[in-house]
Amino acid sequence: MRWTKLRRRFGIAAPRVAIHTQIPWYWRWVGIAVLLGISAASAAWIYDAGRRFAGFDHSEVQEELSRVSRELDSARAELERLRAVVNAADSRLSIERTAQQKLAQQIRTLEQDNAKVRAELATFESMLSSDARTANALSIYSFKVEQDVLPGEYRYRLLLVTPSARRDRDFHGRLELVVSLQDGGQNVMMSFPEQADAGAAAFRLAFKYFRRVEGTFRVNPKAKVESVQVRVYETGSSQPRATHTVALQGRKGAQDVQ
């Protein structure tokens, strides 16, 4: 009987038992959701605490990034300001350099003019102290011949002074240059102005007391000029009233005493 009762109670033929909870299903879902929310919040707090503990705070990183951005903007503004200052300084330096170059050129020009004035003063002093000023002959002063810029071109300068005995009337005449040179191994004599020279009018003279004459002549660039003689003719005379010779001898310019 006991065995039969056990089989009926725990065997296949045992009666079925159903267990029912006292909490409704929707409250169980609410509890699960609350539990998940608490777990997520705990996980986020733990993650944030771990980042702060490791020294990597997001708010601090954002603040540091903002500070670095502000410093970068400030550095860029300072760089632009310095560039503007450098450009202005370069402009001022260029202007000052140009002004210095112009000033140096003016100083060189003034020195050259001063040298010319001194040379002219010395010439006039020699004229006043010379016995030639009281003579009856035409005088030639400061005859110079120099190589010019172009090859084979020479520039000449001279000063003509009339004698005191004929200061009451003008002098009319012409100027002639006789150039001695070596061209192709031969000695050659050239006369300026030539007969067909269109610039012959520049060699004509008309003055009363003194006359400064300046001009140029050209020879073969390969030729070597040895000497230049200036001859002054008065109108109606075939004989020169005055002559003066300058020897170059391969130099840039020379002045010779008659």
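Colleague: Which side chain does glutamate 234 meet in a salt bridge?

Modeller: The side chain of glutamate 234 meets arginine 169, with 4.0 Å from N to O, a salt bridge being a side-chain nitrogen of Lys or Arg within 4 Å of a carboxyl oxygen of Asp or Glu. Glutamate 234 sits in strand 7 (residues 224–234) and arginine 169 in the loop between strand 2 (153–161) and strand 3 (171–183), so the pair ties together parts that are 65 residues apart in sequence. Please keep in mind that this is a predicted model, in which local features need pLDDT of at least 70 and side-chain atom pairs count only at pLDDT 80 or more, while totals for chains, interfaces and linings use all residues. Residues are numbered from 1 along each chain as its sequence is written, and side-chain values use heavy atoms, with hydrogens and water left out.

Colleague: Is glutamate 234 buried or exposed?

Modeller: Glutamate 234 is buried, at a relative accessible area of 12%, whereas arginine 169 is partly exposed at 45%. Buried means under 20% relative accessible area, exposed means over 50%, and partly exposed is in between, using a 1.4 Å probe and protein chains only.

Colleague: And which residues do salt bridges that share partners join into one network?

Modeller: That network consists of Glu146, Asp148, Arg155, Arg157 and Glu214. The count of salt bridges comes to 10.

Colleague: What about arginine 67, which residue does it pair with?

Modeller: Arginine 67 forms a salt bridge with glutamate 64, at 2.1 Å from N to O. The two are 3 residues apart in helix 3 (residues 58–129), which means that about one helical turn separates them. In helix 3 there is also a pair made by arginine 81 and glutamate 78, again 3 residues apart, whose closest N and O atoms are 2.4 Å apart.

Colleague: Changing topic, how many helices and strands does the chain have?

Modeller: The chain has 3 helices and 9 strands, taken as DSSP runs numbered from the N terminus (helices are H or I with at least four residues, strands are E with at least two).

Colleague: Which residues form the nonpolar patch on the surface?

Modeller: The patch is formed by Tyr26, Trp27, Val30, Val34 and Ile38, with about 500 Å² of accessible area together. Patches are made of residues with over 30% relative accessible area and no salt bridge, joining like charges within 9 Å and nonpolar side chains (Val, Leu, Ile, Met, Phe, Trp, Tyr) within 5 Å. Accessible areas come from the Shrake-Rupley method with a 1.4 Å probe, and for residues only the protein chains shown count as cover. Val34 lies in helix 2 (residues 25–53) and is partly exposed at 46%.
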